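Please have the sequence and the 3D view open as you go.

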Amino acid sequence: IQEAARGGELLDLIKSQYESGYRLNEEWIAIVFQQVLEAITYAHTKGVIHKDLKSANIMLLESEDADTAPHPVIIDLGLAEIMDNSWWQREQNSKTSGSSSFVKSTSNLGDGGSPLNRTQSSGPRSRKTAGTPITMAPEVWKGNFGMASDVWSLGVVLFRLLTGKLPFIAKTRSRSDWLKVLSKEPNW
């Protein structure tokens, strides 16, 4: 049970704005995105990985000041996975001691920094591939991923908020087609 999200899906708002020739206000996008990041950070600290973050799974609560103070809500945790969150406490302890394994693991991305080649990551790992192809991280397609895959998905959402378009699209749902597409930069 949650509040009635009368503001509708973020995806519908994106589509209607860009189809009518308008762009979403960047300040509004920043407010929405900050709240979404705070929500997913909270979920991650509790050991929950969403696995299906996309514009259609972000709803907007309707309010009198929705144009200047929007309130997004992340929904549809049907594919979410609850993982061991003891790593979070260790991560917080290492930050207070001045050494962060997360910073170390993400700064070493292997050959050329490609997300496809990332092998190190702090936190729990999943092998249960699930989600929506257009927002799935390369690690998800490979079947070995962690919380950072939600961050990739949110990057796709942000790209769509700013441009009205998807950064990556493959012609089929096949794993190999998606990995090939994801190994390249989006069409800026």
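Let's start with a helix on a sheet: helix α2 (residues 26-45) lies across β3 and β4 and runs at about 35 degrees to β4. Axes here are lines fitted to C-alpha atoms, for helices over the stretch in contact (heavy atoms within 4.5 Å), and angles run from 0 to 180 degrees between N-to-C directions. This is a predicted model, in which local features need pLDDT of at least 70 and side-chain atom pairs count only at pLDDT 80 or more, while totals for chains, interfaces and linings use all residues. Residues are numbered from 1 along each chain as its sequence is written, and side-chain values use heavy atoms, with hydrogens and water left out.

**The sheet**
- The open sheet has 3 strands in the order β1-β3-β4, with antiparallel pairing; two strands pair if DSSP finds at least two bridges between them.
- Its edge strands are β1 (8-9) and β4 (71-74), each of which pairs on one side only.
- β1 pairs with β3 (residues 58-61) in the antiparallel sense, over 2 bridges.
- Glu9 has Met59 in β3 as its bridge partner.

**The whole chain**
- The protein chain has 7 helices and 5 strands, taken as DSSP runs (helices H or I, at least four residues; strands E, at least two) and numbered from the N terminus.
- Along the sequence, the pattern reads β-α-α-β-β-β-β-α-α-α-α-α.
- Among contacts with a separation of 6 or more, 62% join residues 24 or more positions apart.

**Burial**
- Of the 188 residues in the protein chain, 41% are buried, meaning under 20% relative accessible area (1.4 Å probe, protein chains only).

Methods
Buried < 20%, exposed > 50% of the residue type's maximum accessible area, 1.4 Å probe, protein only.
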